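Reader: Could you walk me through this one? I would like to begin with the overall fold and then move on to particular spots.

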Amino acid sequence: MEELKYQNRRSFFKKMFYGSVATLFLNSFSFLPKKKKQSTIKLTILHTNDMHSHIDPFDSNDKNYPNQGGMIKIAELIKTIRKQEENVLLLDAGDIFQGTPYFNYFKGEVEFKLMSIMQYDASTMGNHDFDNGLKGFKNMLPHANFPFICSNYNFDNTILKNKTHKFKIIQKGGLKIGLLGLGIKLEGLVPKELYGATEYLDPYSTANHYADLLKNKHKCDLVICLSHLGYNYNEKNKPSDINLSKKTSNIDVIIGGHTHTFLNEATIKKNAIDKKIVINQAGWGALNLGRIDFYFSKKKSQQIDLDAHTFCTKNYAKI
Amino acid sequence: MKFSIYKHILLIGFVVLITLSCKPSYKVTHINSSNTAIENNLSTDNFSEFDLSQYKNKIDKQMNEVISNSKIEMDVNSPEGLLGNFICDLTLFTTRQLLKKDADFCILNNGGFRTSLPKGDITVGKIFELMPFDNQLVILELDSNQMIELINYIKQKSFLSNSRKAGVPISGMRISIIGADIYRVFIGTKEFDNSKKYKVVTTNYLANGGDQMNFFKNANHIENTNVLLRDAIIDYLKLLQKQKISLDAELDGRIEVSE
């Protein structure tokens with residue numbers, strides 16, 4: 001009996017073993033054509049910031065940007081890009097609110113509804129998104145079908161508790177993309193009665209905490225930080241995207257806002273461990289659409305390295 | 001026998017390990033980046049997924065109303081600019097003449113003016129663009145220390161340039177700055193007297209220390225007029241229009257800076 005039991009068990013394990021080998025074998029065959037297709041993945045990151053309720057283009061008599069910009073135009077452009085690219089990630093770095101009568105009249109409803117239709121994947125909060133108070137922002141949330149990621153605002157003692165995310169993981173084309181969000185210090189910038197009991201956490205340590213979690217625990221292929229800190233300041237020690245890039249080792253991309261910085265293309269910097277980190281910002285007023293295309297290849301490595309010699313700085317023709 | 005079972009368990013474990021380690025992870029080979037300017041040639045016609053008209057119609061009628069005509073374009077500048085002077089002047093006028101409140105001078109911030117005012121027709125929508133914030137006019141009383149901090153704040157910002165945040169727009173006040181020194185300060189027609197308290201009209205945003213106006217934080221907050229700065233601008237322009245007055249302005253040297 002015992003012998004039989006063992007034999008049964010043995011054959012069971014044997015079956016298990018050969019079964020799993022066979023499954024693996026078959027899998028590798030059945031995935032062969034797919035694998036070829038997936039061995040390189042292109043991820044197109046499109047992003048905006050500081051759109052400031054500019055739904056329509058600027059006035060025809062505007063001194064600087066006559067007939068330019070507008071979320072409606074960006075929506076149209078993104079629609080075109082989505083037809084060309086398989087894996088589009090659409091992000092915003094805050095200050096969606098405030099700047100045109102659309103906000104004064106409809107309090108953010110138009111902005112959120114349009115961004116939902118544009119299929120934004122995520123946004124973070126800018127200082128002007130507090131302009132109608134925490135209540136004003138909360139009231140608009142039902143109009144947004146995309147998440148807000150705020151890592152360094154602690155809303156636990158406010159009505160926004162559990163309404164935003166500390167971090168978020170998005171699957172796109174087989175890639176695992178980790179997102180965190182950094183906001184600017186509200187004191188002195190936003191009236192206290194508007195942000196209430198919101199607690200501001202140190203942006204650098206918060207960012208490093210969540211970036212480490214996303215990269216090393218959740219094994220994300222790419223870690224993106226949505227930031228409303230601002231690109232760079234004359235005040236050397238003021239928290240900014242440039243300063244953040246030097247203090248982080250797990251963030252791969254910083255999508256910035258607040259300083260209304262226009263860049264022709266993303267900036268490449270070295271992070272704390274001398275790896276390359278990408279920083280971009282797209283002006284303001286929906287006058288610019290930021291774009292970064294990442295080409296991934298399947299590797300048995302979690303380490304992301306943007307090799308200098310393969311980095312391409314080619315400029316696309318302006319559309 | 002037992003050994004054989006462990007061997008198989010080991011083997012299975014090994015297979016599982018291999019399977020796990022084969023779990024795909026991706027490495028960036030290269031990246032491209034190019035940001036696109038949203039220019040005139042991009043159409044807005046084809047984006048039919050969103051019906052903007054329901055919102056647009058509601059506000060267009062009011063926003064498109066022409067409430068003024070200007071002979072010149074007005075923008076912010078440092079140490080003084082046409083736009084800042086104009087808005088501070090009308091704020092002081094509104095406070096004194098229309099609201100019948102006591103105020104010695106007005107201070108606002110250039111960062112709060114979100115666009116310039118064009119030459120030609122000015123619509124209500126343009127004023128919303130200029131002053132989108134629902135900032136209210138408030139009156140504070142400053143003691144001499146707070147006044148000196150305020151004057152130094154103006155001095156500091158007057159030396160900045162090439163930024164929409166340089167310069168401090170004021171009205172009812174004249175300042176001469178020579179090098180690092182404040183040369184002379186006039187409030188109204190009288191020289192600044194550091195034994196006196198002064199009443200200032202500004203916005204609730206600045207009164208709470210916005211734009212680093214820390215001298216307001218401990219000042220005596222006298223009253224909130226509950227009048228929006230934007231409404232004050234719109235009402236003033238309508239008042240001029242009624243009297244058929246076109247906008248015109250020139251710099252008057254209310255802040256003078258020399259090396």
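Author: Gladly, and please bear in mind that this is a predicted model. In chain A there are 9 helices and 12 strands.

Reader: OK, and what share of the residues of chain A counts as buried?

Author: Of its 319 residues, 55% count as buried. As for the surface, chain A exposes about 14000 Å², of which carbon and sulfur atoms supply 52%.

Reader: How much of the contacts in chain A comes from residues 24 or more positions apart?

Author: Taking the contacts with a separation of 6 or more, residues 24 or more positions apart account for 76% of them in chain A.

Reader: Let's pick a helix. What does α3 of chain A span, end to end?

Author: Helix α3 of chain A runs over residues 71–84, which makes 14 residues, and from its first C-alpha to its last it reaches 20 Å, close to the 20 Å expected at 1.5 Å a residue.

Reader: And which residues in α3(A) are buried?

Author: The buried residues in α3(A) are Met71(A), Ile72(A), Lys73(A), Ile74(A), Ala75(A), Glu76(A), Leu77(A), Ile78(A) and Ile81(A).

Reader: Switching to a loop now: where does Ile96(A) lie?

Author: Ile96(A) is found in chain A in the loop between β2 (88–92) and α4 (101–106).

Reader: Buried or exposed, and why?

Author: Ile96(A) counts as buried because its relative accessibility is 0%, and the cut-off for buried is under 20%.

Reader: What is Ile96(A) in contact with, leaving aside its neighbours within four places in sequence?

Author: With those neighbours set aside, Ile96(A) is in contact with Met51(A), His52(A), Ser53(A), Glu111(A), Phe112(A), Met115(A), Ser123(A), Asp129(A) and Phe148(A). For one of these, Met51(A), the C-alpha to C-alpha distance to Ile96(A) is 5.2 Å, although the two are 45 residues apart in sequence.

Reader: Which residues line the largest cavity?

Author: Its lining consists of Leu108(B), Asn109(B), Gly112(B), Phe113(B), Met131(B), Asn135(B), Thr203(B), Leu206(B) and Leu229(B). These residues divide into 5 nonpolar, 4 polar and no charged.

Reader: And how does the lining of the second largest cavity divide?

Author: That lining has 5 nonpolar, 3 polar and 3 charged residues. Among the residues that line the second largest cavity are Leu108(B), Asn109(B), Tyr153(B), Lys157(B), Lys165(B) and Asp211(B).

Technical notes. Residues numbered from 1 in each chain as written. Chains lettered and ligands numbered in written order. Predicted model: local features only at pLDDT ≥ 70, side-chain atom pairs only at ≥ 80, totals over all residues. Heavy atoms only, no water. Helix = DSSP H or I, 4+ residues; strand = E, 2+ residues; numbered from the N terminus. Buried < 20%, exposed > 50% of the residue type's maximum accessible area, 1.4 Å probe, protein only. Contact = heavy atoms within 4.5 Å. Areas by Shrake-Rupley, 256 points an atom, 1.4 Å probe, with all protein chains shown as cover. Expected span 1.5 Å × (residues − 1). 1 Å grid on protein atoms, 1.4 Å probe; cavity = no way out; pocket = protein on both sides within 12 Å on 5 of 7 lines; lining within 4 Å. Nonpolar A, V, L, I, M, F, W, Y, C, P; charged D, E, K, R; others polar.
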